[in-house]
Amino acid sequence: RPTSGLDIPDPKLDFYQPKDVPHGEVRIRLYHSKVTGRMRRAIVYTPPGYDQSDETYPVLYLQHGAGESEWAWTEQGKANLILDNLIAEGKARPMIVVMDNGYAARPNAESQSRPRGADNGFADVVLKELIPMIESTYRTRTDKHGRAIAGLSMGGGQALRIGLGNLDKFGAVAGLSAAVRDFDAKTSFDGALANANGANEALDLLWIGCGRQDFLYENARAMHQALEENEIRHVWYPSEGGHEWQVWRIHLHQLAPQLFTR
């Protein structure tokens, strides 16, 4: 939301602070969307050394929460600094991170900016436009094991729906304080997890995290318990904190090293 904020660093944590290590770049990529009928902007992090190498990189599609924009993960989440530091320490694989705007109303929707409009085409934007654009512009892996999708709050719900609904395209799916309610392992996400053996074979990683003081914590814990009862492999990461950026920074710091192991 367009409000002022004061960020007070935790003196015990420095993993999201700028350090004297090789740094990646945060780039702006404009593209026209046929889904929305408008120009869109993706923020793209490329890892240190990208321009000097001919290597192909895995891609993490990383989404913001309600009321935020594609700038949130770099401006508030410090995602680029978190990745710089992890890569320098050898704890995470060099990767490209793509952050797009989660609001994608179709041209005939009542409002292009309505947060929870019924006619939201974000999944189509990601699958039909964003991924092809990224893979034709940057040196990326194009196999499912080289793609991951994650998000926080509203973006976490989007990541779970898009990722679990397209297990042929994503090897890893993560929800950070994800907006998921009444989860049922057999029916949620169009039954993508109904067959535990099939889901376990398809997923390299299913990661669920939430702060214990978050208003969504009980929903996240219920999802974890349902996954566990149905023998669906996943990582459950409960942490201290509420629905706020310090928690999500920690989540990304924990998640990134577990991505792209194949």
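This note walks through the sheet, the helices packed on it and a few individual residues of the model.

1. A word on the basis. This is a predicted model, in which local features need pLDDT of at least 70 and side-chain atom pairs count only at pLDDT 80 or more, while totals for chains, interfaces and linings use all residues. Residues are numbered from 1 along each chain as its sequence is written, and side-chain values use heavy atoms, with hydrogens and water left out.

2. The sheet. Eight strands form an open sheet with mixed pairing, in the order β1-β2-β4-β3-β5-β6-β7-β8. Strands here are DSSP runs of E with at least two residues, helices are runs of H or I with at least four, and both are numbered from the N terminus; two strands pair if DSSP finds at least two bridges between them. At the edges sit β1 (25–33) and β8 (235–239), each of which pairs on one side only. On average, neighbouring strands of this sheet are turned by 20 degrees against each other, direction ignored. For this and the angles below, axes are lines fitted to C-alpha atoms (for helices over the stretch in contact), and angles run from 0 to 180 degrees between N-to-C directions.

3. The antiparallel pair β2 and β4. Strand β2 (residues 38–46) and strand β4 (residues 96–99) run antiparallel and are joined by three bridges. Within this pair, isoleucine 43 has methionine 99 in β4 as its bridge partner.

4. Helices on the sheet. Helix α2 lies across β1, β2, β3 (59–63) and β4, and runs at about 25 degrees to β2. Helix α4 (residues 154–164) also packs on the sheet, where it touches β3, β5 (147–152), β6 (172–176) and β7 (205–211). The direction of α4 makes about 150 degrees with that of β5. Contact, here and below, means heavy atoms within 4.5 Å.

5. Strand β6, worth a look in the viewer. Five of the five residues of β6 are buried, so this strand is largely enclosed by the rest of the structure. Buried means under 20% relative accessible area, exposed over 50%, and partly exposed in between, with a 1.4 Å probe and protein chains only. Both faces of β6 are covered, with Ala172, Ala174 and Leu176 on one side and Val173 and Gly175 on the other.

6. The partners of β6. With β5, the pairing is parallel over five bridges, and alanine 150 stands opposite alanine 174 in β6. The chain passes from β5 through α4 to β6 in a right-handed β-α-β crossover; right-handed means that, with the strands pointing away from the viewer, the path from the first strand over the helix to the second runs clockwise. β6 and β7 also run parallel, joined by five bridges. Alanine 174 has tryptophan 207 as its bridge partner in β7.

7. The α2 and α8 packing. The axes of helix α2 (residues 79–88) and helix α8 (residues 245–255) come within 10 Å and cross at roughly 35 degrees. From α2, Ala79, Ile82, Leu83 and Leu86 meet Arg249, Leu252 and His253 of α8. The residues of this contact divide into five nonpolar, one polar and one charged. In that scheme, Ala, Val, Leu, Ile, Met, Phe, Trp, Tyr, Cys and Pro count as nonpolar, Asp, Glu, Lys and Arg as charged, and the others, Gly among them, as polar.

8. Two positive phi values to check. Most residues other than glycine have a negative phi. Aspartate 182, which is not a glycine, has a positive phi of about 55 degrees; this residue is in the loop between β6 and α5 (188–191). At 73% relative accessibility, aspartate 182 counts as exposed. Phenylalanine 260 has a positive phi near 60 degrees and is found in the segment after α8. In its case the relative accessibility is 7%, so phenylalanine 260 counts as buried.

9. Two further residues. Asparagine 200 is in helix α6 (residues 196–202) and counts as buried at 11% relative accessibility. Leaving aside its neighbours within four places in sequence, asparagine 200 is in contact with Glu231, Ile232 and Arg233. Arginine 262, in the segment after α8, counts as exposed at 55% relative accessibility. With neighbours within four places in sequence left aside, arginine 262 is in contact with Arg141, His145 and Asp204.
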